Amino acid sequence: MLINLSNHPASTWGEAQRAAARIYGEIEDWKFPLIPPEWDESQVADLAKTYAERIVRRLNEAGKGCHAVHVMGEMTFTCTLVRLLHQRGILCLASTSQRMVEEDPASGKKIAYFRFERFRPYPCLQALSF
């Protein structure tokens, strides 16, 4: 199972991204929570803990298999949630893409398109050194 925790439901993904996700089995969309800008880090951490508990429960319900969580959204929440999920041995993924920009010289407007390339695992913090 792949839990897609983002504001982009799998139904809006291109075929390449859906194909890359299929190795995890069923895709379950979860809407990314709204994180008010006035929240402090403890409020963000509390919400991340709530989500981590829900995710662990859901993956346990799904049974054995290759599970992952696609996490894309507000960075402090994402960082906290990924760290909590890594502590439980859960693979967390980010989607990567090529950014292509078309510019209209007459109007000066730019239109950006994103072409999915692959899922990239978030690094486990314990494995990093500086």
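Histidine 70 lies in strand β3 of this predicted model, where helices (H or I, at least four residues) and strands (E, at least two) are DSSP runs numbered from the N terminus. Not counting residues up to four places away in sequence, histidine 70 touches Leu2, Ile3, Asn4, Leu5, Ser6, Trp13, Gln17, Leu93, Ala94, Ser95 and Phe119, a contact being heavy atoms within 4.5 Å. With 2% relative accessibility, histidine 70 counts as buried; buried means under 20% relative accessible area, exposed over 50% and partly exposed in between, for a 1.4 Å probe and protein chains only. Its side chain makes a polar contact with the side chain of serine 95 at 3.0 Å. A polar contact is a pair of N or O atoms within 3.5 Å; within protein, one must be able to donate a hydrogen and the other to accept it, and residues adjacent in sequence count only if both atoms are side-chain atoms.

Histidine 67 is located in the loop between α2 and β3. This residue is also buried, at a relative accessible area of 18%. The side chain of histidine 67 reaches the backbone oxygen of glycine 63 at 2.6 Å. Leaving aside neighbours within four places in sequence, histidine 67 is in contact with Met1, Tyr24, Leu59, Ala62 and Leu91.

Residues are numbered from 1 along each chain as its sequence is written. Local features need pLDDT of at least 70 and side-chain atom pairs count only at pLDDT 80 or more, whereas totals for chains, interfaces and linings use all residues; side-chain values use heavy atoms, with hydrogens and water left out.

The chain holds three helices and five strands, in the order β-α-β-α-β-α-β-β from the N terminus. Of its 130 residues, 35% are buried. Among contacts between residues at least 6 apart in sequence, 63% join residues at least 24 apart.

Helix α3 (residues 75–87) has 13 residues and reaches 18 Å from its first C-alpha to its last, close to the 18 Å expected at 1.5 Å a residue; the expected span is 1.5 Å times one less than the number of residues. The buried residues of α3 are Phe77, Thr78, Leu81, Val82, Leu85 and His86. Seen down the axis of α3, these residues fall within an arc of 155°, so they line one face of the helix; the arc is that of the directions from the helix axis to the C-beta atoms. They pack against β1 (2–6), α2 (41–62), β3 (68–71) and β4 (91–103). Glycine 89, with a positive phi near 75°, follows α3.

The largest nonpolar core contains 24 residues, and those with the most contacts inside it are Leu5, Ile55, Val69, Val71, Phe77, Leu81 and Leu85. Such a core is a set of buried Ala, Val, Leu, Ile, Met, Phe, Trp, Tyr and Cys residues joined through side-chain atoms within 4.5 Å. Two or more residues come from each of β1, α2, β3, α3 and β4, and α2 gives the largest share, eight residues.

No disulfides are counted, a disulfide being a pair of cysteine sulfur atoms within 2.5 Å. The sulfur of cysteine 79 is 11 Å from the closest cysteine sulfur, in cysteine 92, too far for a bond. Cysteine 92 is in no disulfide, as the nearest cysteine sulfur, that of cysteine 124, is 9.6 Å away. Cysteine 79 is partly exposed at 49% relative accessibility, whereas cysteine 92 is buried at 0%.
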